[in-house]
Amino acid sequence: MRKTIVDKTIIMDAQAIRRALIRVAHELAEKNRGVANLVLVGIRTRGVPIAYSLAEEIKKIEGIEVPVGILDITLYRDDLSTLDYQPIVHETQIPFDINGKIVVLVDDVLFTGRTARAALDAIIDIGRPAAIQLAVLIDRGHRELPIRADYVGKNVPTSRKEIVSVQINSIDGAEQVMIKEIID
């Protein structure tokens, strides 16, 4: 049986995303008593431009450039053996030492927690940070693992028949968060 996905509603426009990221940048600086020991690591794909946006906002607030890295978690996924296609592995680019640093993993949507778990495994293979924190634009609930975000742009209660679609200008040509519905 073929499922149909239909657009339901836009829950965040570009301005709302920007405001959420400004707030999260302030929270990052406040909770960590500054950003001198902080690095941001965006989880491919949409976590990367979100991490760069957070770094820009932090620079405006603190006057410090926070290093940004890119993390590919493809080989750390727990569903690799169930995928019907050959996954494309991209390069992880973390051109700085994470040992002793506060690493903030950045992603677009927190759902089951499996992506965050894979990112934790990947980052631990790279080094030994002082702490690892998680920042997400959207937390939609439905955890399957005991993982929670330290910083959330917006909490969005959803049903399992809904999809949260984050669109970022540099990737999608639009800047918004939309709820889509799966119709059987």
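Student: Before we start, when do two strands count as paired here?
Tutor: Two strands pair if DSSP finds at least two bridges between them. Keep in mind, too, that this is a predicted model.

Student: Okay, so which order do the strands of the sheet come in?
Tutor: The sheet is an open one of 5 strands, and its order is E3-E2-E4-E5-E6, with parallel pairing.

Student: And which strands are at the edges?
Tutor: The edge strands are E3, covering 68-71, and E6, covering 151-155, each of which pairs on one side only. If you look along the sheet, neighbouring strands are turned by 25° against each other on average, with direction ignored.

Student: How many bridges are there between E5 and E6?
Tutor: Strand E5, residues 131-139, pairs with E6 in the parallel sense over 4 bridges. To find a spot to look at, go to Val136, which stands opposite Val152 in E6.

Student: Which strands does H1 touch?
Tutor: H1 packs on the sheet and touches E2 (38-43), E4 (102-110), E5 and E6, while the direction of H1 makes about 150° with that of E6.

Student: What about H3, where does that one lie?
Tutor: Helix H3, which takes in residues 114-126, lies across E2, E3, E4 and E5, and H3 runs at about 155° to E4.

Student: Switching to helix pairs: at what angle do H1 and H2 cross?
Tutor: The axes of H1 (residues 14-31) and H2 (residues 47-62) cross at roughly 65°, and they come within 9 Å of each other. As for its hand, this crossing of H1 and H2 is right-handed.

Student: Which residues meet there?
Tutor: From H1 there are Leu21, Ile22, Val24, Ala25, His26, Leu28 and Ala29, and on the H2 side they meet Ile50, Ser53, Leu54, Glu57, Ile58, Ile61 and Glu62. Sorted by class, this contact of H1 with H2 has 10 nonpolar, 2 polar and 2 charged residues.

Student: You mentioned Glu57, so which residue does Glu57 form a salt bridge with?
Tutor: Glu57 forms a salt bridge with Lys60, and the closest N and O atoms of the two are 3.4 Å apart. Both residues belong to helix H2, where being 3 residues apart means that they are separated by about one helical turn.

Student: How far apart are the closest N and O atoms of Lys59 and Glu65?
Tutor: In the salt bridge of Lys59 with Glu65, those atoms are 2.9 Å apart. Lys59 is partly exposed, with a relative accessible area of 40%, while Glu65 counts as exposed at 61%.

Student: Last one, how many salt bridges does the count come to?
Tutor: The count comes to 14 salt bridges.

Definitions and conventions: Residues numbered from 1 in each chain as written. Predicted model: local features only at pLDDT ≥ 70, side-chain atom pairs only at ≥ 80, totals over all residues. Heavy atoms only, no water. Axes fitted to C-alpha atoms, helices over the stretch in contact; angles between N-to-C directions. Helix = DSSP H or I, 4+ residues; strand = E, 2+ residues; numbered from the N terminus. Left-handed = near helix turned anticlockwise from the far one by under 90°. Contact = heavy atoms within 4.5 Å. Nonpolar A, V, L, I, M, F, W, Y, C, P; charged D, E, K, R; others polar. Salt bridge = Lys/Arg side-chain N within 4 Å of Asp/Glu carboxyl O. Buried < 20%, exposed > 50% of the residue type's maximum accessible area, 1.4 Å probe, protein only.
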